[in-house]
Amino acid sequence: MFQKVLATFGSGGAKIDARLLDRTASPGRPLHGEVLLAGGEVDQEIKGLAVTLLARVQVPGTDKTEDLPFGTQHLVGAETIRAGQQVRLPFEVPLPWETPVTSVYAKPLTGMAVGVRAELDLAAAVSDPFDADAVAIEPLPAQKRVLDALSRTGFTFREAILEQGRINGAQQQLPFFQEIRFTPSPRFASAFSQLAVTFLASSSRTDVVLEVTKRVRVSKTGGFGGRGQDFLGMFTMKPDVNWEKQLEDWLDQVARPRGIFD
């Protein structure tokens, strides 16, 4: 009886180990892995076992972050795990098309925390065991083209963040969005302080949202300075449109002076 009591507090109880079988993944594709469920020193009742996609996002207006789930796959319902029993459970979790990019050409993006967490729901347990693994998510071909185009133009990667909320006027599915931020190229350095790219993909289209923070120009007499202005642009990548030129034309237009003050 004493061993059963200890098991409810996690001592000698069932354990799980989640492993990813895919070295890399992409939005809109399934992510494959397996969970090893190992029985403890006594038989235990299981209420459920699931794997969940999690993303660490910034809460707007604060310095706080929150781990938000954005996809769950249930593997086991109510069962009994016998003492010493070992069960290997494969899983396949579909990644939403808006899943954030965490790696480009096998190089991790600074600031990203996206992963898969396996959670074992044990009856009468005070603390349910869980195991988490980070996921390397590479951009889709269309997304790589945008990132490559910015790199060729001289923009350099600064950081990536996930922000809770929605972009006005955009077709967005997840309750958060990713910003991949760049330091402007020498050509635009005098006009911009930052450029951010957000990808909103679906099975039929890829929308690209661009946010440029424009430096504030001041008058020769002193004028007003301070924080830059944000300009938002959005276009859909289509095979019959030269979107690289469209992107460059938009940046040129935003960079153009608009009078004494920008």
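Strand 1 and strand 2 (residues 30-38) of this predicted model are joined by six bridges and run antiparallel. Helices (H or I, at least four residues) and strands (E, at least two) are DSSP runs, numbered from the N terminus. Two strands count as paired if DSSP finds at least two bridges between them. One of the bridge contacts links I16 to its partner L37 in strand 2. The two strands belong to an open sheet of three strands, ordered 1-2-6, with antiparallel pairing. Strand 1 (15-20) and strand 6 (86-94) are the edges; each has a single partner strand, so one side of each lacks a neighbour in the sheet. Neighbouring strands of this sheet are turned by 25° against each other on average, direction ignored. Axes here are lines fitted to C-alpha atoms, for helices over the stretch in contact, and angles run from 0 to 180 degrees between N-to-C directions.

Residues are numbered from 1 along each chain as its sequence is written. Because the model is predicted, local features need pLDDT of at least 70 and side-chain atom pairs count only at pLDDT 80 or more, while totals for chains, interfaces and linings use all residues; side-chain values use heavy atoms, with hydrogens and water left out.

The chain holds three helices and 15 strands. Of its 262 residues, 42% count as buried. Buried means under 20% relative accessible area, exposed over 50%, and partly exposed in between (1.4 Å probe, protein chains only). Contact means heavy atoms within 4.5 Å. Among contacts between residues at least 6 apart in sequence, 63% join residues at least 24 apart.

Strand 12 is largely enclosed by the rest of the structure, because seven of its eight residues are buried. Eight bridges join strand 12 to strand 11 (residues 156-164), and the two run antiparallel. Within this pairing, E159 has R181 of strand 12 as its bridge partner. Strand 12 is also joined to strand 13, by three bridges and again antiparallel. Here F182 has L195 of strand 13 as its bridge partner.

Helix 3 (residues 243-255) has 13 residues, which at 1.5 Å a residue should span 18 Å; its end C-alpha atoms are 18 Å apart, in agreement. The expected span is 1.5 Å times one less than the number of residues. The buried residues of helix 3 are W243, L247, W250, L251, V254 and A255. Viewed down the helix axis, they fall within an arc of 130°, so they line one face of helix 3. The arc is taken from the directions from the helix axis to the C-beta atoms. The cover over these buried residues includes helix 2 (141-153), strand 13 (192-201), strand 14 (206-214) and strand 15 (229-236).

V104 lies in strand 7 (residues 103-104). V104 counts as buried, at 17% relative accessibility. Beyond its neighbours within four places in sequence, V104 is in contact with L109, E138, P139 and L147. V104 and E138 are 34 residues apart in sequence, yet 5.5 Å apart in space, C-alpha to C-alpha.

Confidence is given as pLDDT, the predictor's value for each residue, from 0 to 100. The chain mean is 84, and 85% of residues reach 70 or more. Confidence is highest in strand 12 (residues 176-183), at a mean of 96, and lowest in helix 1 (residues 2-8), at 34. pLDDT stays under 50 over residues 1-11, where the model has 13 contacts beyond four places in sequence. Residues 219-227 also stay under 50, with eleven such contacts. Where pLDDT is low, the predicted coordinates should not be read in detail.
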